[in-house]
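Here is a short report for a first look at this protein. Keep the sequence and the 3D view side by side while reading.

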Amino acid sequence: MYLDKASGKKGTTRPVLTAALEHIRCGGTFVVLDLTRLGRDTRELLASIDDDLHAHGHHCRTPTASCSTPVMACPGN
């Protein structure tokens, strides 16, 4: 479990989020309590899901928004 309390200020580095994303194995599920923790606006949220998760074969799920993304194929497979 990772807990990120970084500022919402644009341009802020997010070392805890980066560490969590690096820890997920291909095909793994990344659970985030609130989608706002992945991005500060819709564009950043979608980019984070697409670039940081789907591009590496990860699945994203959030229990508070009752949504999840499809399981993606691992790169190179």
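## Elements and their order

Helices, of at least four residues, and strands, of at least two, are DSSP runs numbered from the N terminus. Read along the sequence, the pattern here is α-β-α-β-β. That gives two helices and three strands in the protein. The model is a predicted one.

Helix α1 covers residues 15–23, and helix α2 covers 42–53. Strand β1 spans residues 29–31. Strand β2 takes up residues 59–62. Strand β3 holds residues 67–68.

## Confidence

How confident is the predictor? The mean pLDDT of the protein is 79. A pLDDT of 70 or more is reached by 75% of the residues.

The elements range between two ends. Strand β1 has the highest mean pLDDT, 88. Strand β3 has the lowest, 64. Where pLDDT is low, the predicted coordinates should not be read in detail.

Strands β1 and β2 pair in the parallel sense. Three bridges join this pair. Within the pairing, Phe-30 stands opposite Cys-60 of β2. These two residues lie 30 residues apart along the chain, yet their C-alpha atoms are separated by 4.8 Å.

Which elements make the β-α-β unit? They are β1, α2 and β2, and the unit is right-handed.

## The nonpolar core

The largest nonpolar core has eleven residues. Leu-17, Ala-20, Leu-21 and Ile-24 are among them. Phe-30, Val-32 and Leu-38 also belong to this core. Leu-45, Ile-49, Leu-53 and Cys-60 are members as well. Helices α1 and α2 each supply at least two residues of this core.

Is Cys-60 buried or exposed? Cys-60, in strand β2, has a relative accessible area of 3%. The cut-off for buried is under 20%, so Cys-60 counts as buried.

## Leu-21 in helix α1

Leu-21, another core member, sits in helix α1. Its relative accessible area is 15%, so Leu-21 is buried.

What does Leu-21 contact beyond its neighbours within four places in sequence? The partners are Phe-30, Asp-52, Leu-53 and His-58. Of these, Phe-30 and Leu-53 are also in the core. Asp-52 is 31 residues from Leu-21 in sequence. In space, their C-alpha atoms are 7.3 Å apart.

## Leu-45 and Leu-35

Leu-45 is found in helix α2. Leu-45 has a relative accessible area of 16%, so this residue is buried. Not counting residues up to four places away in sequence, Leu-45 touches Leu-35, Leu-38 and Gly-39. Leu-38 belongs to the core along with Leu-45.

Leu-35 lies in the loop between β1 and α2. Why is Leu-35 not counted as buried? Its relative accessibility is 21%, so Leu-35 counts as partly exposed; buried would need a value under 20%. Leu-45 and Leu-35 are ten residues apart in sequence, and 7.4 Å apart from C-alpha to C-alpha. Leu-35 and Thr-64 are 29 residues apart along the chain, with 8.5 Å between their C-alpha atoms.

## The protein as a whole

How many residues does the protein have, and what share is buried? The protein has 77 residues, and 30% of them count as buried. Its accessible surface comes to about 5400 Å². Carbon and sulfur atoms hold 57% of that surface.

Consider contacts between residues at least 6 apart in sequence. Among these contacts, 49% join residues at least 24 apart.

Notes:
Residues numbered from 1 in each chain as written. Predicted model: local features only at pLDDT ≥ 70, side-chain atom pairs only at ≥ 80, totals over all residues. Heavy atoms only, no water. Core = buried A, V, L, I, M, F, W, Y, C linked by side-chain atoms within 4.5 Å. Buried < 20%, exposed > 50% of the residue type's maximum accessible area, 1.4 Å probe, protein only. pLDDT = per-residue confidence, 0-100. Pairing = 2+ DSSP bridges. Right-handed = clockwise from strand over helix to strand, strands pointing away. Contact = heavy atoms within 4.5 Å. Areas by Shrake-Rupley, 256 points an atom, 1.4 Å probe, with all protein chains shown as cover.
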